[in-house]
Amino acid sequence: MPKKTVKKTATVKKATVKKTASKKPETKKIVVEEVNEFVPEKHECACGNDCKCGCHGGSRFGRFLKKLIFFLIIFALGFGAAKLCDNGSDFRGPHAKFRNGCLVVSSVKCPQLQALLPVMDMNQDGCISRAEYRAVRNEFRAQVRAGMNMNR
């Protein structure tokens, strides 16, 4: 509670008896009174703490929506930039391509799988099908994993 100082002047009564003594100057008493007023904090718009006019960024839900929309725009721009910088590659990494049901030999990047290409053609028809490629690749992965487990 703020305290407000109030100055009160004391009244001096005139005496009927004359005295030769000098007069004392009038004394002023300072009395501190408590003021029971609630004074809200004022903003530029003079609307107070509980501003409902929206001059300070709107309601809490409105501010949340603004932040959410801003976040979604930034996310969409980042996603679009990632798609543009992709250059058409697949995020899963390199993989083999098939044309007319046969493996395109130049699409195999792994040197160990390239060494296994002659073995992959199990039926010796000159075309490595998806099933033949998957069988050899899964067997190769199993061997690699077994080798990793032995090193531990």
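# Reading a predicted chain: a dialogue

Modeller: The accessible surface of the protein chain comes to about 14000 Å², and 58% of it belongs to carbon and sulfur atoms. Such areas come from the Shrake-Rupley method with a 1.4 Å probe; for residues, only the protein chains shown count as cover. This is a predicted model, in which local features need pLDDT of at least 70, side-chain atom pairs count only at pLDDT 80 or more, and totals for chains, interfaces and linings use all residues. Residues are numbered from 1 along each chain as its sequence is written, and side-chain values use heavy atoms, with hydrogens and water left out.

Colleague: What does the protein chain average in pLDDT?

Modeller: pLDDT is the predictor's confidence in each residue, from 0 to 100. The protein chain averages 76, and 59% of the residues score at least 70.

Colleague: How many helices and strands does the protein chain have?

Modeller: Helices (H or I, at least four residues) and strands (E, at least two) are DSSP runs, numbered from the N terminus. The protein chain has 4 helices and 4 strands. From the N terminus on, the order is β-β-α-β-β-α-α-α.

Colleague: What share of the residues counts as buried?

Modeller: Buried means under 20% relative accessible area, exposed over 50%, and partly exposed in between (1.4 Å probe, protein chains only). Of the 152 residues of the protein chain, 12% count as buried.

Colleague: Which residues make up the largest nonpolar core?

Modeller: A nonpolar core is a set of buried Ala, Val, Leu, Ile, Met, Phe, Trp, Tyr and Cys residues joined through side-chain atoms within 4.5 Å. The largest one here has 10 residues: Ala96, Leu103, Val108, Leu113, Leu117, Met120, Ile128, Tyr133, Val136 and Phe140. Helix 3 (117–120) and helix 4 (130–151) each supply at least two residues of this core. Helix 4 gives the most, with 3 residues.

Colleague: Take Ile128 from that core. With which residues is Ile128 in contact?

Modeller: Contact means heavy atoms within 4.5 Å. Leaving aside neighbours within four places in sequence, Ile128 is in contact with Phe98, Gly101, Cys102, Leu103, Leu117, Met120, Asp121 and Tyr133. For the protein chain, among contacts between residues at least 6 apart in sequence, 41% join residues at least 24 apart.

Colleague: Cys102 is on that list. Which residues form a disulfide?

Modeller: A disulfide is a covalent bond between the sulfur atoms of two cysteines. The rule used here is a pair of cysteine sulfur atoms within 2.5 Å, and the count comes to 1 disulfide. Cys102 and Cys127 form it, with their sulfur atoms 1.7 Å apart. The pair links distant parts of the chain, 25 residues apart: Cys102 is in strand 4 (residues 102–103), and Cys127 is in the loop between helix 3 and helix 4.

Colleague: Why is the disulfide left-handed?

Modeller: The torsion about the S-S bond of Cys102 and Cys127 is about -115°, so the disulfide is left-handed. Cys127 counts as buried at 16% relative accessibility, while Cys102 is partly exposed at 24%. As for other cysteines, Cys85 counts as exposed at 63% and Cys110 as partly exposed at 25%.

Colleague: How many aromatic pairs are there?

Modeller: A pair of aromatic rings is described by the distance of the centres and the angle of the planes. Rings of Phe, Tyr and Trp (its six-membered ring) pair if their centres lie within 6.5 Å; planes under 30 degrees apart count as stacked, over 60 as edge-to-face and the rest as tilted. The count comes to 3 aromatic pairs. One of them is Phe61 with Phe64: the centres are 6.4 Å apart and the planes at 35°, so the pair is tilted. These two are 3 residues apart in helix 1, about one helical turn. Phe61 is exposed at 56% relative accessible area, and Phe64 is partly exposed at 46%.

Colleague: Are the rings of Phe75 and Phe79 stacked or tilted?

Modeller: Their centres are 6.5 Å apart and their planes at 20°, so the pair is stacked. Phe75 and Phe79 are 4 residues apart in helix 1, again about one helical turn. Phe75 counts as exposed, at 54% relative accessibility.

Colleague: Where is Asn100 found, and what is its phi?

Modeller: Most residues other than glycine have a negative phi. Phi of Asn100 is near 60°, a positive value. Asn100 is found in the loop between strand 3 (98–99) and strand 4, and counts as exposed at 78% relative accessibility. Gln124 also has a positive phi, near 55°. Gln124 lies in the loop between helix 3 and helix 4 and is exposed, with a relative accessible area of 62%.
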